[in-house]
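Visitor: Hi, I have a new model open and I'd like to talk it through with you. Could you start with a term I will need?

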Amino acid sequence: MAHLAHYKEAHPLPFVITHWVNLCAMICLIITGFLIHFPVPLTMGIARGIHIFCGIVIFINCIVRIILAFFVKSAPTGGTRKVVKDYKTWLPQKDNRHQGPQWVKYYLFMKKDHPLSAKLGVPQKLSYLLIPILIILMFITGLCLWTPTASSGFCQWCLGLVGGAMSMRVIHYFGMYVFIIFMFIHVYLANVEGTEPTKLMFFRKEHGGLVYDPDKHVIVGEDTLDGKE
Amino acid sequence: MSESTATYGLVDVLAARGISRRSFLKFCGTLAVAAGLSSAAAPRVANALETELENAKGGLFPVLWIEGASCTGCTESFAQIETPDVGKVVLELIALNYSDVLCAGAGHSLERAKEETIQNGNYVVVYEGGITQGFGSNTLRVAMETGEEILVHAAENAAAVIALGSCAVNGGWMAAYPNPAEATGVSAILKKHGIATPVVNMPGCPANPEWLMSVLVQVLMLGGAGALVEGNIPAVVSTLGLNDEAKPQGIYGQTIHDNCERRPHFENGEFVYEFGSKEEELGYCLYPLGCKGPQTKANCGVTMWNNRRSWCIQAGSPCIGCCEANPNDPGDNWVEVNTPFYKRDRDLHIGSTFFRPTTVAAGLTGIVAAALIIHGFGMKKSGRMDGGADFEKVRAWDAKNPDKAIGQYEYSVMDGDPVKMKAAQEEIAKQYEVAEEASAEEEGR
């Protein structure tokens, strides 16, 4: 057994919910987005309705998630029940320092052993921090294409910035592929070394493993979840 | 243009041409609607026309129609107005003092007429076509003046310039890739030369003649464009209802899609996927065939063409978005952004290499997916699938910099043995030293 123990503290309930909302909304958005771009008979009305609804939901969810990060506490690393304010786990942590290149080396098979890390590794942090920016960008580009909002001053300004509605559509369309690529990588990396992280994220199912001390930044023991540490 | 025209009332002129007061008012109502007003404004329009024409200096309101880099399609479209027609009558009451295409006169006499009109002031310029800046603008040379000089000279003293057609707005066809003639629109040229004459942008390929008519009438309603001359630009803008791109909002405020007669089929998901199919026969929505209606702003579906007889969509063609023209952005040019016409999105290009957005995006996604699958085999081969590799005993950086180490390894019970731990730490540090020496040697060579 090589991985750290998976405790509920890593993913508090509010974040499990926002993650579920993200997943459902994103899948609906991608499917309906394709249906709008490559229309099939009879689906346009409902596809547009769901697309606009989910677009608003994912944006609100993103904002809620960002705000919650300042109020809800979560574990700064795997293998611990200690908690800190969640936003701190998104910023550079001492556990991450100098470990970025090590992660890249590990994934490129140039490093044999698993790098020590915080809850989120360096590449993970960077890509996860991009997602809220992307969601907001997709929301804005979406508003610029949606008739009720497209003629607002802000959307007109954005449209002028990118060179018109067609360019905005192409950007919105490319943005979806960025999400698809992110999802591929995200799902792959989350599950390639075992499905325990997924079970924890979606169903809050804990799993035993090594114990990590976030203050000493080292592995300090093992927890088999049989009541004794 | 004769004085007798001015001394007779408009009603008399119309009556002489067999047009009743009733049909004149009906026409004014149409113009009002095309101009974005309520049809209740018809009497106001009629009054403006009558008063303006009766009081006009020299009898008629002078208009100079200048051709730039154009196909004269806008003139052609304009000339297709049927006769006898109220619209034609009204336009005959406007003094078209100069038109390359329509004027019977030519040569010095025509140029002199133009020059006199410019000196007298209070006229409107209708500019059709793009302006080529390349080749010293000599491609548009007429009467010893280059294209740019002609526009600048005519615009300087004008009450307003109407940029008619997409080419005049931002270059249109003329400015499409690779644009060797460096064509651009009227606004850009006037801005370049610091001329503040107001511009009214009326894109379209061609622009609908009734749109031009409605704008000319609105200019008349402003009192011979007097307000423009007085420099009360904000008042003019609000009266003409121009948007940020100086287009009349009543005409260019909504999309083709908003007022499309096939819109219900779009909402129901009933589409034409192929020309000649049963769906086409049923008059379904042309969206999958590349209709640019959802993003093109114009009221074609309301005004229609050829005296409200039909329009592109009714005739069975997807909208090709000919009214897309941003005067502030030559790149937002309808030919540039709307081709290929029968595809949902534009072609992109890097240099002279063109590609489809879907090809690039789906291709990239496919490459990532393939890379992940290959990576997965690597993970399996290296035995990392089951919980990943074992953790490093010491962070690589810590091993190199033991004095600044992040982890407090003396507490570590890795393998349950602090002695083993320390040995491991030293071992890794030694490996790094060896590696560093090797690389230093490499560099030395």
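Guide: Let us begin with burial: a residue counts as buried if 20 or more other C-beta atoms lie within 10 Å of its own, and as exposed if 12 or fewer do, with partly exposed in between. Please keep in mind that this is a predicted model.

Visitor: OK, which residues of helix α8 of chain B are buried?

Guide: In helix α8 of chain B, which covers residues 147–156, the buried residues are B:Gly147, B:Glu148, B:Ile150, B:Leu151, B:Ala154 and B:Ala155. Around the helix axis they cover an arc of only 165°, so they sit on the same side of α8(B).

Visitor: What is the strand order in the open sheet of chain B?

Guide: Five strands of chain B form that open sheet, in the order β2-β1-β3-β5-β7, and their pairing is parallel. At the edges are β2 (94–99) and β7 (199–202) of chain B, each of which pairs on one side only. From one strand to the next, the twist averages 20°.

Visitor: How many bridges join β1(B) to β2(B)?

Guide: Five bridges join these two parallel strands, and B:Phe61 stands opposite B:Ile94 in β2(B). Another helix, α7(B), packs on the sheet, where α7(B) touches β1 and β2 of chain B and its direction makes about 125° with that of β2(B).

Visitor: Switching to chain A, how many helices and strands does chain A have?

Guide: Chain A has eight helices and four strands, and from the N terminus on its elements run α-α-β-β-α-α-α-α-α-α-β-β. Along its principal axes, the C-alpha trace of chain A spans about 60 × 35 × 35 Å, and buried residues make up 31% of its 229 residues.

Visitor: I clicked on A:Glu222. Where is the place of A:Glu222?

Guide: You will find A:Glu222 in strand β4 of chain A, which covers residues 218–223. Strand β3 (residues 209–213) of chain A is joined to β4(A) by five bridges, and the two run antiparallel. Opposite A:Glu222 stands A:Leu210, and leaving aside residues up to four places away in sequence, A:Glu222 touches A:Leu210 and A:Val211.

Visitor: Why is A:Glu222 called partly exposed?

Guide: A:Glu222 has 16 other C-beta atoms within 10 Å, and because buried needs 20 or more and exposed needs 12 or fewer, that count falls in between.

Visitor: What about the hairpin of β3(A) and β4(A), which residue there takes a positive phi?

Guide: That hairpin has four residues between the strands, and A:His217 takes a positive phi near 60°.

Technical notes. Residues are numbered from 1 along each chain as its sequence is written. Chains are lettered from A and ligands numbered from 1 in the order in which they are written. This is a predicted model: local features need pLDDT of at least 70, side-chain atom pairs count only at pLDDT 80 or more; totals for chains, interfaces and linings use all residues. Two residues are in contact if their C-beta atoms, placed from the backbone, lie within 7 Å. Two strands pair if DSSP finds at least two bridges between them. The arc is that of the directions from the helix axis to the C-beta atoms. Axes are lines fitted to C-alpha atoms, for helices over the stretch in contact, and angles run from 0 to 180 degrees between N-to-C directions.
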